[in-house]
Amino acid sequence: FSSSQSPNTTSHDHHQLPLQVIALLSLKSSLNKETQSNSFQDWDPSPILSKQPNLEDPLWCSWSGIKCHDKTPRITSLDLSHQNLTGTIPSEIRYLSSLTHLNLSRNSFSGPLQTAIFELTELRVLDISHNNFNSTFPPGISKLNFLRLFDAYSNSFTGPLPQDIVKLRYLEQLNFSGSYFNGSIPKSYGSFPRLKYLLLAGNLLTGSIPPQLGFLSQLEHLEIGYNQFSNGLPSELGLLSNLKYIDISNNTYISGPIAPQLGNLTKLETMLMFGNNLSEKSQQVLLSGEIPEGIGEFPNLDTLIIWNNSLTGKIPQKLGLSAKLTKVDLSTNSLEGPIPSNICNGNKLVKLILFSNRLVNSLPDSLGNCTSLNRLRAQNNNLTGSIPYGLLSLPNISFVDLSNNSLFGPIPEELGNAEGIEHLNVSQNPLNSTLPDNIWNSTNLKIFSAISSKLLGKIPEFVGCRSMMKIELQDNMFQGNIPWDIGHCEKLLSLNLSLNSITGIIPWEISTLPSITNVDLSHNNLTGTIPSDFGNCSTLSTFNVAFNSLTGPIPTSGVLFPNLHPSSFSGNEGLCGGVLPKPCAADDTLGASAVEVNQQRPKRTAGAIVWIMAAAFGIGLFVLVAGTRCFRANYSRRFNDDRQIGPWKLTAFQRLNFTADDVLECLSMSNKILGMGSTGTVYKAEMPGGEIIAVKKLWGKQKENIRRRRGVLAEVEVLGNVRHRNIVRLLG
């Protein structure tokens, strides 16, 4: 190199390093040492110092993260993304004067943004997203005359949005989302001549949305949600004729109607305007009025999400005719009228969320043919009619909630043959019917809830009940016995059959379910004793048999029964012992086992041959059951003993004011369960210091869960690396 090639080299002898290399080595040395070794192993200048730099094959062009010009040794691209780097950016970065692409994203760079970056006047792409740059945004970015993309998402900038950036006439994508910018959006932000993407969401911006944004004639993507804007939506937004995506969700003080002019956005594919999640001390201010009818006629509309507002009137009845609709969420409004009959036209609709409105008439029959549908939530409306045939057996359906409507008629028999559905809730509907005989055959059904649904007849036998985790059938009119084959429900966590007219005895098979946590059989007509096997059920956390006609002693073994409240057994005159003040007579205790065994044998009234066969079968069954119980007891003890080996290891990702024992204590309280899924149960827990946390307890007994655990570990890895105030922190 000669001095005439400056600024790529120094002007002294050939042993001096080129300025480009000086910039790279300065960058390397400014980083914290623990992040250098893995990321910059090949950034070694010693071969350059030992000989004349090679113009034709410059060594630095082969270093990781670096690309050079095809015909010169000038560095044109520096990519240090996803390296977990910490430290600061040195001012020597200005020596990389030929850079067109600079990517510093997904690291942990901190401090004010280095203004020397703004001297890299050839830059076309600058990505500093997912870092910890803070302080106010420095002036000078207007020097980057040719910049086309600037991404500063998920940093910690404060103060006002920079105004000099509007001088960048070639800028097409601008992302300032996920920081702490305050003040209003400058009116001048409506003057970018080529801007296609404008993202300002997740800041502390206030004031009105400037009408000037409607003058961004090339704009295709607008995200300004999760701020504190006030007043209404400017009608000028309807001028954005190229707009495909708009998100104005969760703005604390936005109110008023949706401007009818927004019905002119004919290229719109996604509209997100869902409401606010304010504290109880705040006054909730929401979008009101009707949804413009023109929105239903958008030919490219893919996503319409406007939940948690105060919208009235009807859903546009042409919604879905575009045959491109995939997601609709209009929940928690005051919408009336019917669900559009063509809403799944084109068979692309995946999610239909309409709960908590005032919708009427029946569910469209066309939903029974909507093969793309995965999730339907229409609870808390005024829907009538029956469940459409075909809906519950759709190939992709997994979640259906139709509770708290006025639906009637039977649950379709097809449910027993369904292979996709996992969650079905038809509670609080006057169904006035029986359950399908094959209901438990549904391959993947995990949660079935039919509370207060005027269901009649007997509970079907539990044949094929392999996936069920939660059964809620309380407050119905069921009669007959609890089927003996409930032991097939090997994944069952919660069973609630209370407030029915069920007779017979409590099957001891319930106590052998390996994961059973909650059992409520209260307010029925059950007789006989409480099987002593429940005392050995280590997973049980609640047990309620109040107001039946049970007799005999209450189990005293195990952890649960000695700690239950007496109200769990009240209303049973014949129960004694345990937590009740009424002691058992000696003969009651001694005879309990014999009575219990006697009760486990169903009465038969067949002929002599049948009696002989039954006796032979009974003896064989007794041996089998006894052996199985013995094996389960030994296995259970072995398993539980292993689980008690400790102490538990708590890996904390930040300073915590609680221990592993504090976390484990919450797992015994079923009333703290927030939800259940394919990988485990989520609990709400209050720590001793008052912190409210969520705890996920993984299933741990089936080999099939190895794959699911990998999924959870991937989830942990993602959440552990995301830093944003709108995403819950992963504590440990």
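Disulfides and cores in a predicted model

The disulfide of Cys344 and Cys370 is right-handed, with 75° about the S-S bond. The model is predicted.

Me: How far apart are the sulfur atoms of Cys344 and Cys370?
Reply: A disulfide needs two cysteine sulfur atoms within 2.5 Å. Cys344 and Cys370 form one, and their sulfur atoms are apart by 2.0 Å.

Me: How many residues apart in sequence are the parts that Cys344 and Cys370 tie together?
Reply: Cys344 sits in the loop between strand E24 (336–337) and strand E25 (351–353). Cys370 sits in the loop between strand E26 (358–359) and strand E27 (375–377). So the pair ties together parts whose separation in sequence, in residues, is 26.

Me: Is Cys344 buried or exposed?
Reply: Buried means under 20% relative accessible area. Cys344 has 8% relative accessibility, so Cys344 counts as buried.

Me: What is the relative accessible area of Cys370?
Reply: Cys370 is buried too. The relative accessible area of Cys370 is 0%.

Me: Is the disulfide of Cys465 and Cys489 right-handed or left-handed?
Reply: The sulfur atoms of Cys465 and Cys489 are 2.1 Å apart, and the two form a disulfide. The torsion about their S-S bond is about 120°, so the disulfide is right-handed.

Me: Which strand lies between the loop of Cys465 and the loop of Cys489?
Reply: Cys465 is in the loop between strand E30 (447–449) and strand E31 (470–472). Cys489 is in the loop between E31 and strand E32 (494–496). The pair therefore ties together parts 24 residues apart in sequence, and the strand between the two loops is E31.

Me: Is Cys584 buried, partly exposed or exposed?
Reply: Cys584 is joined to Cys576 by a disulfide, S to S 2.0 Å. Cys576 is buried, at 2% relative accessible area. The cut-off for buried is under 20%, and exposed is over 50%. Cys584 has 23% relative accessibility, so Cys584 counts as partly exposed.

Me: What is the pairing of the bonded cysteines, numbered in sequence order?
Reply: The count comes to four disulfides. With the bonded cysteines numbered along the chain, the pairing is 1-2, 3-4, 5-6, 7-8.

Me: Which element gives the most residues to the largest nonpolar core?
Reply: This core has 162 residues, and Phe150, Ile165 and Phe569 are among those that touch the most other members. Helix H1 (19–30), strand E1 (66–68) and strand E2 (75–79) are the elements that give two or more residues to this core. With four residues, the element that gives the most is H1.

Me: What distance separates the end C-alpha atoms of H1?
Reply: H1 has twelve residues. At 1.5 Å a residue, H1 should span 16 Å. The model agrees, because the end C-alpha atoms are apart by 16 Å.

Me: How many residues are in the other core?
Reply: Another core lies apart from the largest one. Leu656, Cys666, Tyr683 and Ala685 are among its members. The number of residues in this core is ten.

Me: In which strand does Lys697 lie?
Reply: The UniProt annotation "binding site", from an unreviewed entry, covers Lys697. At 35% relative accessibility, Lys697 counts as partly exposed. Lys697 lies within residues 692–698, which form strand E40.

Terms used:
Residues numbered from 1 in each chain as written. Predicted model: local features only at pLDDT ≥ 70, side-chain atom pairs only at ≥ 80, totals over all residues. Heavy atoms only, no water. Core = buried A, V, L, I, M, F, W, Y, C linked by side-chain atoms within 4.5 Å. Buried < 20%, exposed > 50% of the residue type's maximum accessible area, 1.4 Å probe, protein only. Expected span 1.5 Å × (residues − 1). UniProt positions renumbered as here; feature names shortened; annotations may be inferred.
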